[in-house]
Amino acid sequence: MNPAVVIPTFITGTRRRSDAKGIIAKYDHATNINAEGELGRCLGSLENVENLGLVIILVAADRGLEVEALAKVRAIVAEHPDVSTLIISHTELTLVRQRMEQLGVRDVNQEIGLRGYGAVRNLGLVVACALGFDAVVFLDDDEVVDDPEFMRKAMYGLGKLTKKGVPILAKTGYYINDQGSYYSKWEDRWYNRFWQQGSAFNDWIRQAMAGPRLSRSNHVCGGCLAVHKEAFKRLAFDPWIPRGEDLDYMLDLRMYGSDIWFDNTWQLRHLPPHTAHEGSRFRQDIFRWLYEHDKLEYSYSLIDLLRITPQSLTPYPGPFLERGLQRRIAITAFLRSLVRPDKKAYRRAAKEAMGEAKRYAEQNCANYFEFQRVWPQIMDRIDSDRLLTNALVQSALLRQETSLEEEPVVEQPANVPNANIDPGATSQIRLDLND
């Protein structure tokens, strides 16, 4: 197979007030524009990975920081010349949108772009599809890959059939934390009585690790996720879910008749930066789980989808999709506000669980299914599109020229199937998407 590695990196500036309208662009571990960040560490770990191929880096920055963020990522990439990279920033996004409009694809800027977890992943799929890759491996920038055979393990079984003839079109591995464990650091405290998320996850992964190498998964690690072209051409990520878009993708696959598989030999280390704003993260979880609950409920009214029930998702994440969710969230937020840091954020979250988050879920839970109707058409039109491929590669070459003081040496990015750039014609490169 010919996979591309896709790494989103989220860059932010000053703290901004997060409301329902802006909840999509609130990220767990965004890198401050003035901080070193984790992307360089991640790229450094990839230098020893065999058959790595092309790494597509998606630069998602706060509005107004796009140019600075791009410069920051370019400097980091320059420190790792042995890793073949293609940077997708606001400039390349403009090229993608221009080409899609020429192909008759309009009004999907929210669904495919550089704002929000789901939209960013969708952009990665669009770019990989345009370049002609037949699989995508998603990583996060705060991860470290220690295994030289990481890519070989990622491709194991992908695109094959099980003994029962079931196609394996998407698979996930697992994270090792800074303590060398794949278990959640969840604490069994009285204030978590109504919200046993970590405990439920630990029950699930304990079973999965004791099973066969490949088994149907109830969980997805978005930074250790491989998706076959047959899956990503058919199914998009949900741009309206505030976080947890990886687990949501598993649910979407099941609704549409497919699945994600768990590989208990495929792993990496997840080393996110410390954050003191746990209350704010729980606030996002409130929006996420209420949205997911209402989305599943809405899907039951669509006769062409499989019915996914919370009972079919035990021990995780089923309990967090059952009725009574709103009450449990409000109680948990209140109890945590009594003793946990970030007390004000928890109190605000408890109040929002009864109002703003529920309204967001009700207003947006049907959107994904409308978008999903057109996603396969978009991907069919963009698949192996030579004009867009050339424009993206030319953009990368022009960027390379402007960053070098000496006469540029043009090299075609490795492992790009449809790139057709004349190395001797760099002085005449134009970003022209017209036939």
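Let's start where two helices meet: the axes of helix α10 (residues 325-339) and helix α11 come within 8 Å of each other and cross at roughly 160°. Because of that angle, α10 counts as roughly antiparallel to α11. In the wording used here, angles under 35 degrees are roughly parallel, over 145 roughly antiparallel, 65 to 115 roughly perpendicular and the rest oblique. Axes are lines fitted to C-alpha atoms, for helices over the stretch in contact, and angles run from 0 to 180 degrees between N-to-C directions.

Before I go on, a word on the source: this is a predicted model, where local features need pLDDT of at least 70 and side-chain atom pairs count only at pLDDT 80 or more, while totals for chains, interfaces and linings use all residues. Residues are numbered from 1 along each chain as its sequence is written, and side-chain values use heavy atoms, with hydrogens and water left out.

The crossing of α10 and α11 is left-handed, which here is said when the near helix is turned anticlockwise from the far one by less than a right angle; clockwise would be right-handed. On the α10 side, the contact (heavy atoms within 4.5 Å) uses Ala 330, Ala 333, Phe 334, Arg 336, Ser 337, Leu 338 and Val 339, and α11 brings Lys 343, Tyr 346, Arg 347, Ala 349 and Ala 350. Sorted by class, that gives eight nonpolar residues, one polar and three charged. For the classes, Ala, Val, Leu, Ile, Met, Phe, Trp, Tyr, Cys and Pro are nonpolar, Asp, Glu, Lys and Arg are charged, and the others, Gly among them, are polar.

Now, how do α9 and α11 pack? Helix α9 (residues 278-299) lies against α11 (residues 343-352) at an angle of about 15°, with the axes 8 Å apart. So α9 is roughly parallel to α11, and this crossing is right-handed. From α9, the residues in contact are Glu 278, Gly 279, Ser 280, Phe 282, Arg 283, Ile 286 and Phe 287, and they meet Ala 345, Tyr 346, Arg 348, Ala 349 and Glu 352 of α11. That contact has six nonpolar, two polar and four charged residues.

Helix α9 has another partner to show you. The axes of α8 (residues 245-255) and α9 come within 12 Å and cross at roughly 5°, so α8 is roughly parallel to α9. Here Leu 247, Asp 248, Leu 251, Asp 252 and Met 255 of α8 meet Arg 288, Trp 289, Glu 292, Lys 295, Leu 296 and Ser 299 of α9. By class, the count is five nonpolar, one polar and five charged.

A cis peptide bond links Thr 314 to Pro 315, with omega about 0°, and another cis bond links Tyr 316 to Pro 317, with omega about 5°.

Last stop, the inside. The lining includes Thr 9, Glu 36, Lys 72 and Asp 141. Helix α2 (66-78) and strand β1 (3-12) each supply at least two lining residues, with α2 giving the most, three.

Terms used. 1 Å grid on protein atoms, 1.4 Å probe; cavity = no way out; pocket = protein on both sides within 12 Å on 5 of 7 lines; lining within 4 Å. Helix = DSSP H or I, 4+ residues; strand = E, 2+ residues; numbered from the N terminus.
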